Amino acid sequence: MPLTSRRLRAALLATASATLVAATLPAPEPLGIGDRLFPHLGNPGYDVLSYDISLTYKGSNTKPLDAVTTIDARTTAPLDRINLDFARGTVRSVEVNGQHSEFATAGEDLVVDAPTRLPEGMPVRITVRHTSDPSGDKANGGWVPTADGLAMANQADAAHRVFPGNDHPADKAYFTFRVTAPKEFTVVAGGLPAGKRNHAGATTWTYRTEHPMATELAQVSIGRSAVLRRTGPHGLPVRDVVPAADRAKLEPWLKKTPAQLAWMEKQVGPYPFETYGILVADTETGFELETQTLSLFERSLFTGSGYPEWYVDSVMVHELAHQWFGNSVSPRTWSDLWLNEGHATWYEARYAEEHAKKPLERRMREAYARSDAWRAAGGPPAHPDVPTPDHKISLFRPVVYDGSALILYALREEIGEAAFDGLERTWVRAHRNRSATTREFTALASRIAGRDLTVFFDGWLYGKKTPPMPGHPDWRSETPRNAAGGQSPARAPKPE
């Protein structure tokens, strides 16, 4: 339909207005939400509600995937620009609410000019057509090449090396993954299957989460894989993804998961998600990772001869415990990381005590002896030192593992076992599907204990020196020769 003179004038005015806005905007710059450890991570002015991520894998784990990421969000402040975290891939086009938008890069941000000023409280849909590049620096995460495909390891700040988004656990959202791959590959992602379509020698697999998820916990596996299914407590669907040739070899380990789920439910209450399982990847990462509903494990952990059975079991429980602590209840800032890793290490150690006669008290006494050195090497548990810029996972130090489990041991000694168990159950129930803070945890502990625990927590969470252990006045913190040593089982150099 040809433009009428009135419509033509309106179109010209809109174009002139957009040009004027663009001309008056300052130069694009990377933004952040003020996280002390990752100052440019996350972005102000909007809350992501959902991601819809389409990926096309062409059979090579070194070549870029074609991708479309659609973000549904709501503005929390007036915006002329939208910053997205995105650092590895080529952006082909961006649309905001269906209109073509100009964009630029600044640091590790993709900076998008809104077609018109977006008022506070407005729904906004951002569609980015881009590539997702699995090549590049593997040490800082993102895509992980495997022997037969790809997997993801996005913690702590690597999801934006895979897809654009608001890459901070303070902004959790629902996810849909649509992955197209040659028909000989199997694709599994976090959440539950939501359809599979065959076409022209390829298959498109769709998965959706039923609970909000932090970007760092996203998982997509592409490989020549077998998917093994079993049932967990209360009918929970459990599915494991393993190299097809290893399914029989791995079965003795995989069949342990339902009982481990039941044990964790006995400790803290119902499993918080729609499914669980283990992704065994034929790759060497140096860590295992609690990606939501589908934890990532190295094949060598299960097939190597260097680890006793109890140790592998405890690592499995560590990643499982994260589904409650870190995934369902996520950290509001990265300084709250001790809540994730301290709790996962705590239940890992408790499981080893109950199932392999590895005394918890002995492990905690050894951690106490090293605690001052860990604090000196990496900062206090709730105020860790900033990670080195070229090795972000250096944030994952012993002080946030056994050094933080030690805080939970001290807390149980301080308030008693019944109050401590009540705190754990109340914490995961009250903050389910949310991001929560250290301050909220300490406030809840004080309420359940029936007294103010501020002085206790100030010393244990923020002190340069480890406070005396309640009930154990004879324990001493020493300075070992290797201050960075003493990591918890099977996770070196980065325990997860």
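The structure is a predicted model, in which local features need pLDDT of at least 70 and side-chain atom pairs count only at pLDDT 80 or more, while totals for chains, interfaces and linings use all residues. Residues are numbered from 1 along each chain as its sequence is written, and side-chain values use heavy atoms, with hydrogens and water left out.

**Exercise 1.** Determine how many helices and strands the protein chain has, and state how its radius of gyration relates to the globule rule.

*Solution.* Helices (H or I, at least four residues) and strands (E, at least two) are DSSP runs, numbered from the N terminus. The protein chain holds 11 helices and 21 strands. Its radius of gyration is 24 Å, close to the 23 Å that the globule rule gives for 496 residues, so the chain is as compact as a globular protein of that length. Here the radius is taken over C-alpha atoms, and the rule is 2.2 Å times the number of residues to the power 0.38. Along its principal axes, the C-alpha trace spans about 90 × 50 × 40 Å.

**Exercise 2.** State what share of the residues is buried, and what share of the contacts with a separation of 6 or more joins residues 24 or more positions apart.

*Solution.* Buried means under 20% relative accessible area, exposed over 50%, and partly exposed in between (1.4 Å probe, protein chains only). Of the 496 residues, 58% are buried. A contact means heavy atoms within 4.5 Å. Among contacts with a separation of 6 or more, 71% come from residues 24 or more positions apart.

**Exercise 3.** Locate histidine 234 and threonine 293, and decide whether each is buried or exposed.

*Solution.* Histidine 234 is in the loop between strand E16 (225-231) and strand E17 (237-243). Its phi is positive, about 60°, although the residue is not a glycine. Histidine 234 counts as exposed because its relative accessibility is 75%.

Threonine 293 is in the loop between strand E18 (278-281) and strand E19 (295-298). Its phi, near 70°, is also positive in a residue other than glycine. Threonine 293 counts as buried because its relative accessibility is 1%.

**Exercise 4.** Identify the residues joined by a cis peptide bond with omega of about 5°.

*Solution.* The bond joins glutamine 155 and alanine 156. Alanine 156 is placed in the loop between strand E10 (149-153) and strand E11 (174-182).
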